[in-house]
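Here's a quick briefing to read with the model open beside you. Start with the view below, then work through the topics in order.

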Amino acid sequence: MQNQTEAPAQRPLFLTVLCVLTFISAVSGLWTQSERLWTPGVVADQMQQMFETFRENMEERSQEADSDIVNSLFDSVLTRLDADTIQTSAIILLIYESLTLFGAYLMWGLQKRGFYFYAGGVAVALLVPVLLIGGWLGLVVTLGEAFFSIIFLGLYALNLKYMQ
């Protein structure tokens, strides 16, 4: 009997690029969410100012019929934008960033279960803000964090055939 060893599986370049981009994004996100967790009052004030400025710009550009819709949307977001909500969203997004980072780490090693961790992180980012925060603010948090992750989830799915 011959002792044959199989060559280790090669990670495709496309998967490598996806993982590196996820590493960068997740580490940056962990840093940002940590800041939001420890200084929620400051972040809430900054976000309220940002939304007020955005509201003023939208009112200048929108027609009178659209103005009521825009105002109700911004009122809904601004009434919920406080330190407690910022802290809750930071905890949710820390969980999301951690799951996607761990998933990318496993996929870097060509482990298929990493895809499922990544998908779990995306599910957390999609569902939990809407359930715990609610309203338009929950939707804003969800869309802000999950948009590119959904695209990456599809791109990772294309690479499942290389994973074990």
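**Starting at the tail end**

Asparagine 159 sits in the segment that follows helix 6 (135-158). Keep in mind that this is a predicted model. Asparagine 159 has a relative accessible area of 3%, and since buried means under 20%, this residue counts as buried.

- What does asparagine 159 touch, leaving out residues up to four places away in sequence? The list is Pro12, Phe14, Leu15 and Leu18.
- Asparagine 159 and arginine 11 are 148 residues apart in sequence, yet their C-alpha atoms lie 9.5 Å apart in space.

**The overall picture**

- The accessible surface of the protein chain is about 10,100 Å², and carbon and sulfur atoms account for 63% of that.
- Take the contacts in the protein chain between residues at least 6 apart in sequence: 76% of them join residues at least 24 apart.

**Aromatic pairs**

- How many aromatic pairs does the structure hold? There are seven.
- One of them brings together phenylalanine 23 and tryptophan 108, with ring centres 5.8 Å apart and planes at 50 degrees. Stacked needs planes under 30 degrees apart and edge-to-face needs over 60, so this pair is tilted.
- That pair links distant parts of the chain: phenylalanine 23 belongs to helix 1 (residues 13-38) and tryptophan 108 to helix 4 (residues 83-108), 85 residues apart.
- Phenylalanine 23 is partly exposed at 23% relative accessible area, and tryptophan 108 is partly exposed too, at 31%.
- Phenylalanine 147 and phenylalanine 148 make another pair, with ring centres 5.0 Å apart; their planes are at 80 degrees, so the pair is edge-to-face.
- Are phenylalanine 147 and phenylalanine 148 buried or exposed? Both are exposed.
- Phe102, Tyr105 and Phe117 come together as one aromatic cluster.

**Around tryptophan 108**

- Which helix gives the most to the nonpolar patch? Helix 1 does, with five residues.

- Threonine 100 is part of helix 4.
- Its relative accessible area is 3%, so threonine 100 is buried.
- Setting aside neighbours within four places in sequence, threonine 100 is in contact with Thr22, Ala26, Tyr118, Gly121 and Val122.
- Threonine 100 and valine 122 are 22 residues apart along the chain, and their C-alpha atoms are separated by 7.4 Å.

- Most residues other than glycine have a negative phi.
- Leucine 110 has a positive phi of about 65 degrees, although it is not a glycine.
- Where is leucine 110 found? Look in the loop between helix 4 and helix 5 (113-132).
- Leucine 110 counts as buried, because its relative accessibility is 9% and the cut-off for buried is under 20%.

How values were computed: Residues are numbered from 1 along each chain as its sequence is written. This is a predicted model: local features need pLDDT of at least 70, side-chain atom pairs count only at pLDDT 80 or more; totals for chains, interfaces and linings use all residues. Side-chain values use heavy atoms; hydrogens and water are left out. Rings of Phe, Tyr and Trp (its six-membered ring) pair if their centres lie within 6.5 Å; planes under 30 degrees apart count as stacked, over 60 as edge-to-face and the rest as tilted. Helices (H or I, at least four residues) and strands (E, at least two) are DSSP runs, numbered from the N terminus. Buried means under 20% relative accessible area, exposed over 50%, partly exposed in between (1.4 Å probe, protein chains only). Contact means heavy atoms within 4.5 Å. Accessible areas come from the Shrake-Rupley method with a 1.4 Å probe; for residues, only the protein chains shown count as cover.
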